[in-house]
Amino acid sequence: MTALLWKDYRVNRLVLGLGIVLLLGPFLIFFTHNLYTGWRFGETHWWPHWWIFTCIASLGGSLITIAALGGNAIAGERIDRSAEFLAYLPPSRLAVITSKIILTVGAGLLIWIVNLAVLYGVVPLASALPNVAFYAGDGDPMTMIPLFAAATVMTFGAAWLSSALMSSPGVATGIGIVAPWVVALALGLVDYLFYLTDAAVVSWFKITSVTLGLLCFVVGTVYYLRRVEPETPTFHR
Amino acid sequence: MTSTRTCRPAIETIELTKRFGDKIAVDNLTLRIPSGTTFGFIGPNGAGKTTTIKMLMGMLRMTAGGARILGIDVTADTAAMKQRVGYVPELHYIYRWMRVHEVIGFCRRLYETWNDRRCAELLDLFELDTGKQVRQLSKGMVAKLSLLLALAHEPEVLILDEPTSGLDPLIREEFLDGVLRTICEREHTVLFSSHTLSDVQRLADTIGIIYEGRLLAHCPTDELLTGTKRLRIVLHDGCSPGEPPDGTIWQSRQRREWLLTVRGFTPATLEYLHNRYAVENVDVLDLGLEDVFKDFVKGRRASA
């Protein structure tokens, strides 16, 4: 398993690099901006705004990372046909997919842990608020975080399923990025037809995204396990 | 080598069948390759060699039938089977971004029986630069790396699927030397598929000729070569060729001249011809594997 994890890390090294940039980029901009402005907002009530905005931006950017990790997980090795090399080595497909899940889900969790640590650890320390939950206003984290979590599950699930089905990591990543927007648009249509409350739309978005995302993930995994690589007539090459 | 030949087969297929839609790629293929032997698997492009090998390696799903390697059902316990089998494909898709030492390190951790000393010997033999990335290696070097990966875990069965395809003669020679050395040093069972029939003739104890998914011949190389003859028959004026003798795999008729390729040639074959036809002259010619193969395929095409 360690060999497979090392290989998956190397295969996804660029994506993980992008993930670090998207994770830390907003914080870097935050610090650079404050250094430039001489920390004029440093001692006032602006601080929680900045931290929360930065975390939300980081989580938003991380959706791209999650989509890229999911989209590249299986299709990335299919496009250069290195999956065929792996196919004749001893590890079972279960071991291969487990390694991919550990890497992609692990990286996704790490991104969330960093952001949640900032929101629930740094924000209370850096402001007068005892807890981020006390913060209220536009884009308050208690509303935004579950929405982002649901969108992350949907993004990852859609990218993962697409990656299992096709050979293009780019297309699979794109589908992952678009997927939560499709769910949101569909719910918007339902809202338009049936006059739902805002709370109901948000609630349905979370339920639909998490359910569909998990379903896509399970279907993609089962499909990968059942598929034999490469299932193509050799005389057609 | 002969001591183990009568034991259980190292590779066995039973009515192995693969269909791609309407096209039958492998048709009821039953094959037994005894332990310690080298089996040459030959056939024209699209005959079903690679499809058969990929089914053996668990890389293609079978439509019907079954296959066992070293007694292991290849569909039931593929991982256990792969631990004991070395495989060199025609096209090498080793991770191009890995360096040679990284590929070796990666594979080393996947095989329980990996032998570092053997790996070092093969690195020396093949003169591979371990610091180079796979994408920087020539085609021949990648083929040699692939053979190294297939041999360093000391497999009991070695499956080579057109491994020398597209290699220059020098690299091909080095590659075959590596295979030969392995066959001589250890009693591997080798399944060797190739279009370079001189290589097959050099390595194989037994030959299987496959065409359109069906096995046309499966017998020891010596038996195939000594028992298959080309007969050039000239008949007397006014006499024309008729029913060929038993074992005829291919024939060509041009007026009085009759060319026959006969498998299982014996003096009785000549006797049959002299008794039935007004034979003016008969030449009996030996054939190389390439001619035998061509005649098998041409004969089957003509009869289809």
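Tutor: Contact means heavy atoms within 4.5 Å. In chain B, 71% of the contacts with a separation of 6 or more join residues 24 or more positions apart.

Student: What kind of model is this?

Tutor: It is a predicted model, in which local features need pLDDT of at least 70 and side-chain atom pairs count only at pLDDT 80 or more, while totals for chains, interfaces and linings use all residues. Residues are numbered from 1 along each chain as its sequence is written, chains are lettered from A and ligands numbered from 1 in the order in which they are written, and side-chain values use heavy atoms, without hydrogens or water.

Student: What makes up the secondary structure of chain B?

Tutor: Ten helices and 14 strands. These are DSSP runs numbered from the N terminus: helices are H or I with at least four residues, strands E with at least two. One of the strands is β11 (residues 228-235), which holds T228(B).

Student: What does the side chain of T228(B) reach?

Tutor: The backbone oxygen of L224(B), at 2.6 Å. Leaving out residues up to four places away in sequence, T228(B) touches E223(B), I249(B), T261(B), V262(B), R263(B), L287(B) and V292(B).

Student: Why is α5(B) called roughly parallel to α6(B)?

Tutor: Axes are lines fitted to C-alpha atoms, for helices over the stretch in contact, and angles run from 0 to 180 degrees between N-to-C directions. Angles under 35 degrees count as roughly parallel, over 145 as roughly antiparallel, 65 to 115 as roughly perpendicular and the rest as oblique. Helix α5 (residues 139-151) and α6(B) pack at about 10°, their axes 10 Å apart. That angle makes the pair roughly parallel.

Student: Which residues of α5(B) and α6(B) meet?

Tutor: G140(B), A143(B), K144(B), L147(B) and L151(B) of α5(B) meet I171(B), E174(B), F175(B), G178(B), V179(B) and T182(B) of α6(B).

Student: How do the axes of α4(B) and α6(B) lie?

Tutor: The axes of α4 (residues 116-126) and α6 (residues 169-185) of chain B come within 11 Å and cross at roughly 150°. R118(B), L125(B) and F126(B) of α4(B) make the contact with E174(B), G178(B), R181(B), T182(B) and E185(B) of α6(B).

How values were computed:
Polar contact = N/O pair within 3.5 Å; in protein donor to acceptor, adjacent residues only side chain to side chain.
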